[in-house]
Amino acid sequence: MAVNTKGTRIKMSVDRWIAVPDNPSQRDTAKHAERAAKSHLKHAAVTHDKVVAATIDGEIVCKVDGHTRAYLWNNGSLDRPRSGFVYVDLYEVEDKCEAADLYRKFDSPHAVETTTDKL
């Protein structure tokens, strides 16, 4: 599906999102899902319906954010959004290397609140 990706957010069915290929840099989703299902993805939340994908020449090529939710939705461990849809923010990249770099920006350990921050 070719789309104009300049600052674009599209609506996509959850099933279609699940089918979008994982990012080449994505960690072990199944292992991460085990932990996430016991903590921040234990219950459905309104924030879960926003995900991110990379595009090349307007074609969606991979997930950037939302891998674990897709995994848990697919296996029934997390309730899907009531609407049946997710809102996908699209980022145009040159190639899969740039898509992997974009993933690392979204999944940076430096963006997480640390114990020091909490104190």
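Here are some questions and answers on the cores and salt bridges of this predicted model.

Residues are numbered from 1 along each chain as its sequence is written, and side-chain values use heavy atoms, with hydrogens and water left out. Since the model is predicted, local features need pLDDT of at least 70 and side-chain atom pairs count only at pLDDT 80 or more, while totals for chains, interfaces and linings use all residues.

Q: How many residues does the largest nonpolar core have?
A: A nonpolar core here is a set of buried Ala, Val, Leu, Ile, Met, Phe, Trp, Tyr and Cys residues joined through side-chain atoms within 4.5 Å. Buried means under 20% relative accessible area, exposed over 50%, and partly exposed in between (1.4 Å probe, protein chains only). Met 12, Trp 17, Ile 60, Trp 73, Val 86 and Val 88 have the most contacts inside the largest core. Its residue count is 19.

Q: Which residues does Trp 73 touch, not counting residues up to four places away in sequence?
A: Contact means heavy atoms within 4.5 Å. With that cut-off, the partners of Trp 73 are Val 14, Trp 17, Ile 18, His 48, Leu 78, Asp 79, Arg 80, Pro 81 and Val 86.

Q: What is the distance between the closest N and O atoms of Asp 15 and Arg 80?
A: The two form a salt bridge, meaning a side-chain nitrogen of Lys or Arg within 4 Å of a carboxyl oxygen of Asp or Glu. Asp 15 sits in helix α1 and Arg 80 in the loop between α3 and β4, so the pair ties together parts 65 residues apart in sequence. Their closest N and O atoms are apart by 2.6 Å.

Q: Is Lys 63 buried or exposed?
A: Lys 63 forms a salt bridge with Asp 22. Lys 63 lies in strand β3 (residues 59-65) and Asp 22 in the loop between α1 and α2, so this pair ties together parts 41 residues apart in sequence. Asp 22 is partly exposed at 42%. With a relative accessible area of 2%, Lys 63 is buried.

Methods. Helices (H or I, at least four residues) and strands (E, at least two) are DSSP runs, numbered from the N terminus.
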